[in-house]
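Subject: The structure for you to look at

Hi,

Here is the structure I promised to pass on. Have it open while you read, and my notes follow below.

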Amino acid sequence: MALSRLGQVIIAAAASALLLLPFLAGPAAAAGQTGQVTVFWGRNINEGSLREACDTAMYTMVIISFLNVSVHGHSGDYSLDLSGHPLAGVGADIKHCQRKGVLVSLSLSLSIAGGALPGDQSAIDLADHLSNTYLAAARDDATTAARPFGDAVLDGVDFFFHDAATPADAERYGVLATELSRSRNAGDQSSPPPRLTATAPCAFPAGAAALATSAFERVHVRFYGGENSNCTVYWEDAWARWTAAYPRSRVYFGLPAAPAPEKDGGGGGYIYPKTLYYSYVPELQKAANYGGFMIWDHYSDKKSGYSAYVKNWA
Ligand SMILES: *[C@@H]1O[C@H](CO)[C@@H](O)[C@H](O)[C@H]1NC(C)=O
Ligand SMILES: *[C@@H]1O[C@H](CO)[C@@H](O)[C@H](O)[C@H]1NC(C)=O
């Protein structure tokens, strides 16, 4: 009796080991579809409100762009540039989006050539500013008046890279990422840290140290724009490089929503929906850390309707 019971246990154990085998063998399994679509909002007044963007039900994350950072040797030069969108109402829209299950983040426009963060202290100051102004770690002395989005709490912060980083710059981005990862709601230490994402040109120098931090849960790679022409042609190589370089992050394929994007981020890189479906999607989703698609930007998407395709294939 006892023996047959033991036998059953052994058989059950062997069966579950067999079931596990496909997952243990070889490199990690393909991610397949994730359904994740991220969009940038805030680059054109004619795109409609943040609430409207979320109400399209096309996106799982909306990134408000940009908070421009130009410290130039002294801390505190941060300006929110939403292309003329009125600030009043954005806070309520953020909450509306979050209630619908859409994550809302804020993108930092980081021009390294412009010396955005001259020293470690400027990175720490920026982290403090973000925590108190947009995230949950509001100090008691931080008044709501100083928070452009009121008491709405953003889900994350995006590091938007325009150009390559020197090792010194990279170190400061590391400091900023580390400080932000530590930030929590002052009143609730069990609250999750902000989700950190990075958005970089595909042609970003391989192994750029600025991104070599496991703090980024997502990396959006811009497979468009003039500086990325080689990347858009040899996209399979580039995709393999990026997904291999950041195994602990989910890597998103960044696309323009229309052939001729209105503003920055333009240039080549538009992919016809049919080509995207047949040539790109199967290849991209082979990567274990494929994350989804990133679309630039909501204004172009509103006109072209591109995300209606992408949503089903992401
Ligand atoms: C903020 O940064 C964006 C992206 O680099 C740029 O297009 C915009 O002109 C900047 N705004 C200001 C006020 O400098
Ligand atoms: C473009 O990419 C291909 C494939 O990755 C590479 O062999 C080639 O050297 C690149 N050319 C330039 C100019 O970077």
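First a term: a polar contact is a pair of N or O atoms within 3.5 Å; within protein, one must be able to donate a hydrogen and the other to accept it, and residues adjacent in sequence count only if both atoms are side-chain atoms. This is a predicted model, where local features need pLDDT of at least 70, side-chain atom pairs count only at pLDDT 80 or more, and totals for chains, interfaces and linings use all residues. Residues are numbered from 1 along each chain as written, chains are lettered from A and ligands numbered from 1 in the order written, and side-chain values use heavy atoms, without hydrogens and water.

Now ligand 2. In the side chain of D237, an N or O atom sits 3.1 Å from an oxygen of ligand 2, and a polar side-chain atom of N230 is 2.5 Å from a ligand 2 oxygen. Of the 360 Å² of accessible area that ligand 2 has on its own, the protein covers 35% (Shrake-Rupley method, 1.4 Å probe; for residues, only the protein chains shown count as cover).

S65 and F66 are joined by a cis peptide bond, with omega about 0 degrees, and F66 belongs to strand β2, residues 61-69. (Helices, H or I of at least four residues, and strands, E of at least two, are DSSP runs numbered from the N terminus.) Another cis peptide bond links W296 to D297, with omega about -10 degrees; D297 is in the loop between β9 (290-296) and α9 (298-304). A57, in the loop between α2 (50-55) and β2, has a positive phi near 60 degrees, though it isn't a glycine.

Have a look and tell me what you think!

Cheers
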